[in-house]
Amino acid sequence: MSTENTNPEPVAEGTEKPEQQFGHIKSFVHRRSHMTPGQKLAIERLMDKWSIAYQPLCINYEKVFGRQAPTILEIGFGMGETTEKIAIARHEENFLGVEVFNAGVGAMLKRIEESSLNNVRIIQHDAVEVVKNMLPANSLAGVHIYFPDPWPKKRHHKRRLIQPEFVQLLVSRLQPGGYIHCATDWENYAEQMLEVLSANPELENTAKDYAPKPDYRPQTKFETRGLRLGHGVWDLVFKKKKD
């Protein structure tokens, strides 16, 4: 998919200096994708209204969302189906969605407008750089990472998003008591997620190992079809310790 965005975006507001940039494996792969006319039109019409431009300045959530509320980061919202449903159900919270692919961004913008979602904002950029350079320390109430690219071949496992360094970066942005919720339909990746999250000394598992699917995470059509075919889905919910 192509990840280049030529549409103008509003400037994010913030005053804190960012941390230094560092080399890392991108949280996505450049691929070409087909965009529907509706998605293209949504980007042209709505990008300025609901998106935040990437820049190395920390976001002021109150200014960006126009209110004070707990903020949840969602990394890789895809076509936005899950994000839309959660944002509707949890309207008292803010949702900051990070996605790189134009088709997904266009689809999410359409959902925001059609469902009048005033509590969702989008950043179209690499998630690692967004977390590192735009999110203040100890500021997030939660992080959602649902069905990230599993990179199934063993030689590609190093490209997976859930790695110790990135988890530590996420933890540094969580408020005490904030949570990280991951879900995957690849058992091997679920095992890696459990190992990496369990190894972080600032996190504690809310379950013995894998958690029951929380009520707030809707079951997608793709997931329902997979479960019907006997495929597994694993949820992991870890919280940042308060001490």
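Gly142 stands opposite Tyr179 in strand 5. This pairing belongs to a predicted model, in which local features need pLDDT of at least 70 and side-chain atom pairs count only at pLDDT 80 or more, while totals for chains, interfaces and linings use all residues. Residues are numbered from 1 along each chain as its sequence is written, and side-chain values use heavy atoms, with hydrogens and water left out.

The secondary structure of the protein comprises eight helices and seven strands. Both kinds of element are DSSP runs numbered from the N terminus: helices are H or I with at least four residues, and strands are E with at least two. Two strands are taken to pair if DSSP finds at least two bridges between them.

An open sheet of seven strands has the order 3-2-1-4-5-7-6, and its pairing is mixed. Strand 3 (120-123) and strand 6 (203-205) stand at the edges with a single partner strand each, so one side of each has no neighbour in the sheet. Neighbouring strands are turned against each other by 20° on average, direction ignored. Such angles run from 0 to 180 degrees between N-to-C directions, and the axes are lines fitted to C-alpha atoms, for helices over the stretch in contact.

Strand 4 (residues 140-146) runs parallel to strand 5 (residues 174-184), and six bridges join the two. In this pairing Leu140 stands opposite Leu174 of strand 5. Strand 4 also pairs in the parallel sense with strand 1 (residues 71-75), over three bridges; there Ile72 stands opposite Gly142 of strand 4.

Burial is defined by relative accessible area: buried means under 20%, exposed over 50%, and partly exposed in between, with a 1.4 Å probe and protein chains only. Seven of the seven residues of strand 4 are buried, so this strand is largely enclosed by the rest of the structure. Of the 243 residues of the protein, 50% count as buried.

Contact means heavy atoms within 4.5 Å. Among contacts between residues at least 6 apart in sequence, 84% join residues at least 24 apart. Helix 7 (residues 187-199) lies across strand 5, strand 6 and strand 7 (234-240), and runs at about 10° to strand 7.

## Helix 1 and its surroundings

Helix 1 (residues 37-50) has 14 residues and reaches 19 Å from its first C-alpha to its last, close to the 20 Å expected at 1.5 Å a residue. The expected span is 1.5 Å times one less than the number of residues. A kink of about 45° in helix 1 is centred on Glu44; the bend at a residue is the angle between axes fitted to the seven residues ending there and the seven starting there.

Gln39, Ala42, Ile43, Leu46, Met47 and Trp50 are buried in helix 1. The buried residues of this helix pack against helix 4 (102-114) and strand 3.

Glu113 is located in helix 4. Leaving aside neighbours within four places in sequence, Glu113 is in contact with Arg45, Leu46, Lys49 and Trp50. The C-alpha atoms of Glu113 and Trp50, 63 residues apart along the chain, are separated by 9.1 Å.

Arg121 lies in strand 3. With neighbours within four places in sequence set aside, the contacts of Arg121 are Trp50, Ile52, Val64, Phe65, Phe95, Leu96 and Gly97. The side chain of Arg121 reaches the backbone oxygen of Val64 at 3.1 Å, and a polar atom of that side chain lies 3.0 Å from the backbone oxygen of Asn118. A polar contact is a pair of N or O atoms within 3.5 Å; within protein, one must be able to donate a hydrogen and the other to accept it, and residues adjacent in sequence count only if both atoms are side-chain atoms.

Most residues other than glycine have a negative phi. Asn138, in the loop between helix 5 (127-134) and strand 4, has a positive phi near 55°. Phe147, in the loop between strand 4 and helix 6 (164-173), has a positive phi of about 55° although it is not a glycine.

The accessibility of individual residues is listed below.

| Residue | Relative accessibility | Class |
|---|---|---|
| Arg121 | 9% | buried |
| Phe147 | 27% | partly exposed |
| Glu113 | 29% | partly exposed |
| Asn138 | 42% | partly exposed |
| Leu41 | 43% | partly exposed |
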